[in-house]
Amino acid sequence: MDIEAIKTQIESEIQSINSPQGLEEFRVKYMGRKGVLAQLTGVIPTLPVQERASFGQQVNALKEKILLIIKEKQGSLSGEKLMTQKGSGCDITMPGIARELGRLHPISQVMDEICTIFSRMGFSIVEGPEIETEFNNFTGLNIPLDHPSRDAFDTFYLKSNSKLLLRSHTSPVQIRVMKSEKPPLAAVVPGKVYRPDATDASHSFMFHQVEGFMVDEEITFSDLKGTLGLFAKAVFGKDIKMRFRPHFFPFTEPSAEVDISCIICKGKGCSVCGRKGWLEILGSGMIHPNVFKHVGYDTKKYSGFAFGMGIERIAMLKYGIDDIRLFFENDLRFLKQF
Ligand code: PHE
């Protein structure tokens, strides 16, 4: 008798067994008193002496295998019985309960997307504290405390220590990074900023910005234009147009606000862009020499650009959202759309 052939036969037979009775028949056929194994064992004494030992071992191995197969089948048959039985507490025929996956808040998603775009261009990602010193938030950035431009960055001061405040923009992280590192450097800074604005559809006392800056020898305004051009196309699509409008920031000179062609009307003029065809997306410029002086950089040797954008604004434009408050209400019907 060919033991290998018996093994193959066993494996196919066991597949089709689906009841305890079937399994019992199988057991008797192979393990019974007159079963296949008994017959095989009976053959042993008739073999030439030198073949007996190895044949005996094969028969033993086959026996182990059959016992194991029977045990496994018993397990699966009784398991299925248990699970399909009513009142057993476990019914595998019931439809499953889908677990809802969490997701990132749209602001986090847009912030991640922006940081990824810049990190592909070689910028590192750094963060700074939300409680800042007056120096980093203003003075170091060439904003004297009595300067009228400071009004634009109306500020929450800490009661306990009037030299500390909630940062009103992410630009103070420029000072932190430049004080601790030497050029060449390029970094983007995502984070929360605070301004005591009355809340309405476009204002919130807390919002998010991403700051970016690059400092090295011979950094020019065209580096700024090239970098922001790539960024705008990556976020808003390759057909987007961009323009730089002269502006004023105390910490950059020259300064510019950057507009993109309106993503709704493509520049023709509509209610979203106020018939202008353009949407403002960020502030930027060449880092002011006074800022470099504050951090001890050689203003003859180094130049650099900086920019800063509001994430809520970018997200609102990207997704056509008309009220900033939606980001902070955490209504799942809103959040689930992203
Ligand atoms: N900090 C400016 C703001 O909050 C934005 C900005 C950053 C402008 C860097 C120029 C350079 O409005």
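User: How many residues does helix 2 have, and what span from its first C-alpha to its last is expected at 1.5 Å a residue?
Analyst: This is a predicted model, and in it helix 2 has 12 residues. Its first and last C-alpha atoms are 16 Å apart, which is close to the 16 Å expected at 1.5 Å a residue.

User: Which residues of helix 2 are called buried, and why are they said to line one face of the helix?
Analyst: The buried residues of helix 2 are Gly 22, Leu 23, Phe 26 and Tyr 30, where buried means under 20% relative accessible area. Seen down the axis of helix 2, these buried residues fall within an arc of 100°, and therefore they line one face of the helix. In general, an α-helix has 3.6 residues a turn, so residues three or four places apart point the same way. On the other side of helix 2, Pro 20, Gln 21 and Glu 25 are exposed.

User: Why does Glu 25 count as exposed?
Analyst: Glu 25, which lies in helix 2, has a relative accessibility of 58%; the label exposed requires over 50%, and so Glu 25 counts as exposed.

User: What is the domain assignment of the protein chain, and how many Å separate the centres of domain 1 and domain 2?
Analyst: The assignment gives domain 1 as 3-86 and domain 2 as 106-335, and their centres, taken over C-alpha atoms, are separated by 75 Å.

User: What lines the second largest pocket, and which elements give two or more residues to its lining?
Analyst: The second largest pocket, whose volume is about 160 Å³, is lined by 11 residues, and Ser 19, Pro 20, Leu 23, Gln 74 and Leu 77 are those nearest its centre. Helix 2 and helix 4 (49-84) are the elements that give two or more residues to this lining, with the largest share, five residues, coming from helix 4.

User: What is the omega of the peptide bond from Pro 183 to Pro 184, and of the one from Glu 253 to Pro 254?
Analyst: Omega is near 5° for the bond from Pro 183 to Pro 184, which is cis, and near -5° for the bond from Glu 253 to Pro 254, which is also cis. Pro 184 is found in the loop between helix 7 and strand 4, whereas Pro 254 has its place in strand 7. Most residues other than glycine have a negative phi, and most peptide bonds are trans.

User: What is the phi of Glu 218 and of Lys 266, and why is each of them called exposed?
Analyst: Phi of Glu 218 is near 65°, and Lys 266 has a positive phi of about 60° although it is not a glycine. Glu 218, in the loop between strand 5 and helix 8, has a relative accessible area of 69% and is therefore exposed. Lys 266, in the loop between strand 7 and strand 8, is exposed because its relative accessible area is 60%, and exposed means over 50%.

Notes: Residues are numbered from 1 along each chain as its sequence is written. This is a predicted model: local features need pLDDT of at least 70, side-chain atom pairs count only at pLDDT 80 or more; totals for chains, interfaces and linings use all residues. Side-chain values use heavy atoms; hydrogens and water are left out. Domain bounds come from an automatic or database domain assignment. On a 1 Å grid over the protein atoms alone, a cavity is a set of points where a 1.4 Å probe fits but cannot get out, and a pocket is an open set with protein on both sides within 12 Å along at least five of seven lines; lining residues have an atom within 4 Å of a point. Grid points are joined across faces, edges and corners, and a volume is the space filled by probe spheres set on the points. Helices (H or I, at least four residues) and strands (E, at least two) are DSSP runs, numbered from the N terminus. The expected span of a helix is 1.5 Å times one less than its number of residues. Buried means under 20% relative accessible area, exposed over 50%, partly exposed in between (1.4 Å probe, protein chains only). The arc is that of the directions from the helix axis to the C-beta atoms.
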